[in-house]
Every structure is written in C-alpha cells, then in structure tokens.
Amino acid sequence: MSETNKTDAVEDAAGKAAIPQQASAPEGGSAEREVLLRVKGLTKHFPIKKGLLQRQVGAVKAVDGIDFEVRKGETLGVVGESGCGKSTMGRVITRLQDPTSGTIEFEGRDITRLSTGQMRPMRRDVQMIFQDPYGSLNPRHTIGSIVSAPFRLQGVEPEGGVKKEVQRLLDLVGLSPEHYNRYPHEFSGGQRQRIGIARALALKPKLVVADEPVSALDVSIQAQVVNLMDDLQQELGLTYVIIAHDLSVVRHVSDRIAVMYLGKIVEIADRTSLYEAPMHPYTKALMSAVPVPDPKRRGQKSERILLHGDVPSPIAPPSGCRFHTRCWKATEICKTTEPQLVELRTGQQVACHHPENFADQAPQDTVLLSAAKKAAELVPDAVVSDDPAEPEPAAEPAPAEETVAAPAQAEETAAESAASEETVAEESAPAKETTAKETTAEETTTEEPAPAEETAAESAASEKATVSEKPASEKPASEKPAADSQESTDK
Ligand SMILES: Nc1ncnc2c1ncn2[C@@H]1O[C@H](COP(=O)(O)OP(=O)(O)OP(=O)(O)O)[C@@H](O)[C@H]1O
C-alpha cells in the first residue's frame, strides 16, 4: 500500500467491488527498507486441560514456529484459511497475548518477554485495528471518550487539548468533528471502523496490525476504508500488517504477502510474484480462486483448484509438510520431512519439496501418495462474456484426466497416478469417484475432537471459503462449481 499510485477504481467480475488498483511496488524497493519488526521461531500454543486437576492433555498449535520481517513503511498482508492462526499471530506480535516461544523484535529491541508495565511505552508505537466494528467499541461510551482513551491510558496531553486532537482525528478519518458526543450505535459499520482507526492512530503509532479490517463491511464500504488506510499510511508513514482472508483486498493493499497454513508460513513473497508465479501448491490453490478483473481476459476460460477435505486439526497437525494431506503433489518426503522456508527466488521464500514454477527440491521422490490423487480438482470457472446481456454459458464439467491433479506437473502426475491406481491394491478409488463421505488417510486417524478443535471446525465451515473445503457433492446446488457462474467469480 505504501507505493500506491491510485488509479481509477476497478470493478471486479461481478461489477461490485470498487477497490482501487494499485501500481506495483518497485522491485526490490521494499527489501531495501529498514526492518521494523522481526519475528523468529514464534509459537503460540493454547493448552487443552481436562479433569478435576486441569491437567494439560494437549495443545492447540495456533502458531507453530514462524519467521518473518516487516519493513518500515510497507504493508505485509497475511492470508490463509480460517483457523490457520492469522489472528493469533496478530495478537501475539502486538503482545496482546504472550507467545509460547520465539522472539519478537521491534526496532531492534526484544519485546518478547516485556511485562505489561514495560510494554506500556511500546503500546504507543504498536496498535491494532479489530475486525468487528460493532463489537470493538463500547456502546456506553461516546465517540469522544473512545477515541481519547489512548491519551488517558498513556497519560498523554496532546497539544491544544484532548478534545481538539480527537476532533482532528475524526476529521482525519472522514468523520465530522461534531460527532464527538455521539454513541457508536448512531453510526454505520463503515463509520464505526473509521472510529476504530481513529482510536488506533491517536498516539501516532509506527506499526498498525489490522485484523480483517474490512471483512465485516459492505463491499462498497470496504473500498472506502481501504482507501482511507492507504491515505493515512502515506500521510503518517505507517507500517501495516493486514490480516485478511479476502485475497482481492490483500492483493490491493499489500507490498508483500505471507501465506499461512495450520500455524506455519508456507510462502512469503512480494505481491506480484505471489499472484503471478506462486510457488507453494497451497498458494496456487488460493490464488486460483481470486477473480481477475482484467478486460483482456474476458471470454477466456479460467480454472479453480478445488481442494478436498477439511483443514486438519491444529491439535494434531499432519507430520512433515502440514499441507500434504490436501496436496495433489504430495510424495513420501512430504509426509516424513518438514520443508523449511527457504528463499528459492529473490524475495520469495517457500516451504515446499515440490514447488510450482521452480525446480523440484526432492526430484528423487516421485511416487505420489495415494491421498494426493484425490486431494484436489480442477474446476472450470464460468466463461465471462464480453456482452453483459449475453447469458453466461454453464461451465463444462472438468474432464476426467483433470480431476486428479492441478496444473504445472499435473498432467504427468495425473498420468502416473492413473497408471499406479491399477497396480497398487491398497489405493482407493480414483478422484472422479470421490463421494461426499470420503475421508483422507489422515482424517481417519485424527484424534477425537476436543472443544478447540470443534471451534476450528465450526469456523472453517462458516468461512466464506476462497478455497472450498468441501467436496462439491456436499455443497448446496447454488454453490456447485458447474452452477456457480457468477458466485464463483465474486469470491
Ligand atoms: N484463546 C484460545 N484458546 C484456545 N484455542 C484458540 C484460542 N484462540 C484461538 N484458538 C485456536 O487457534 C487456532 C487459530 O485461530 P485463529 O483465530 O488465530 O485463526 P484465524 O486464521 O485468525 O481464523 P479466522 O480467520 O477464522 O479468525 C484455531 O484452531 C482456534 O480455535
């Protein structure tokens, strides 16, 4: 968002979103900047306790060893499916929650173990914007009281007095200073989010962590809030970490993007590389669900990679690569050895044994796991017609050969899989025979659900999934790939 040159608002395929398209960040520009936040080996495990003695019987591994840096003035987007640990990561790096292990450095200073008192001066520099503009403002407090709270808590007396400064902040976020004495219920969702932003900016922070800042808002209002955050970044030199599951929003706001899966960062790269040449299969599947509002691509067919199966439990994540239970490229090494996050291209770090758009990191390991053959499916998106009056043809069903593996080495692996299916007795039915009741090998061995696991499952189910987590046959008719001509392009 930092090097944004706003151009005209772009409508997406459904003609509804109006988030401004940004100019690409100059190559390498972001990398040259000073590091503001450095996170190393960060973990956050929530203990699961049972019995009278409340003995710990396990842990939800919400964040499980992540490393990244945020540079001054940049926007780092963090994406991933529901329950992958994005919000927990945001709360831990702002020290709203204590990490289990790892280190967090802010401006070169280790803040990992600072006490609440020691953290107080740092709170001015690190602020958070919350997802829910309805729940994050106290309904009994006036806007003036809410926005001035940081001054009271920090004992800061702004020049010209608190009221004048609050009114300036309200004006800065596009609200009338006369709203000072009103209550949150008198405002719309978008206005409330502006109030939350004004509160976060009161103490002139250096880093703002925004957790799903626009997901609770109407699409038209989302664009306004995104624009506002962008303007404020340029005006105040802010650094953002923006957590979101809406890939269109992340694409428009971020300089670099980190992709999380089950508590791990699987890929981190600048926006252009990530969207144009994703290297982790999971990133590729996520990106295939992003609508491209490019008039030149009208009339062309596009395809989405539909991942089968639920996200595994963060209580007992799969061995090796955590994505191997849903990956169409998974081989034995993926099951046994955890891939490290390494820089395979300049500025693009990936944790994968068999990356896309790059040389295979484990070329000796070529035999696909049986689960890999039914892990993903290629679903043709609806053809977008040039003529808005012309009805869109229904998408063709995916040809049988395409149902097993996704692009790149997919043809080869699909052919190999098809051949080995006939010879390997233990292997299950081919992907085209996948039924709603089918489970992967890991699913059958997953431990009995614990309360937190249920929460994760519920949240996963309620997510407006960019990558559908259910087999197509489980979905309502309106969501089935063949019928979702407009809806699928909206997501
Ligand atoms: N306080 C908590 N106690 C126990 N488990 C928790 C707690 N907070 C989060 N979790 C679990 O940690 C995992 C990661 O949750 P988190 O909210 O960070 O994910 P997320 O990627 O932000 O998802 P969403 O997009 O739905 O908010 C989930 O399985 C969740 O149930």
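Predicted model: local features only at pLDDT ≥ 70, side-chain atom pairs only at ≥ 80, totals over all residues.
Local features are taken from residues with pLDDT of at least 70 and side-chain atom pairs only at pLDDT 80 or more, whereas totals for chains, interfaces and linings use all residues. Residues are numbered from 1 along each chain as its sequence is written.

Helices (DSSP runs of H or I, at least four residues) and strands (runs of E, at least two) are numbered from the N terminus. Helix 1, formed by residues 86-93, is mostly covered, with eight of its eight residues buried; a buried residue has 20 or more other C-beta atoms within 10 Å of its own, an exposed one 12 or fewer, and a partly exposed one a number in between, with C-beta atoms placed from the backbone. Among the buried residues of this helix are Lys 86, Met 89 and Ile 93. Arg 95, which follows helix 1, has a positive phi, near 60 degrees.

Pro 121 lies in helix 2 (residues 116-123). Pro 121 counts as exposed because it has 10 C-beta neighbours inside 10 Å. Its C-alpha atom is separated by 7.7 Å from that of Gln 154, 33 residues apart along the chain.

In helix 5 (residues 189-201), the end C-alpha atoms are 18 Å apart, in agreement with the 18 Å that its 13 residues should span at 1.5 Å a residue; the expected span is 1.5 Å times one less than the number of residues. Helix 5 is mostly covered, as twelve of its 13 residues are buried, including Gly 190, Ile 195 and Leu 201. The buried residues of helix 5 pack against strands 6 (126-129) and 7 (207-211) and against helices 3 (143-154), 4 (162-172) and 6 (219-236), contact being defined by C-beta atoms, placed from the backbone, that lie within 7 Å.

Note on methods. Contact = placed C-beta atoms within 7 Å.
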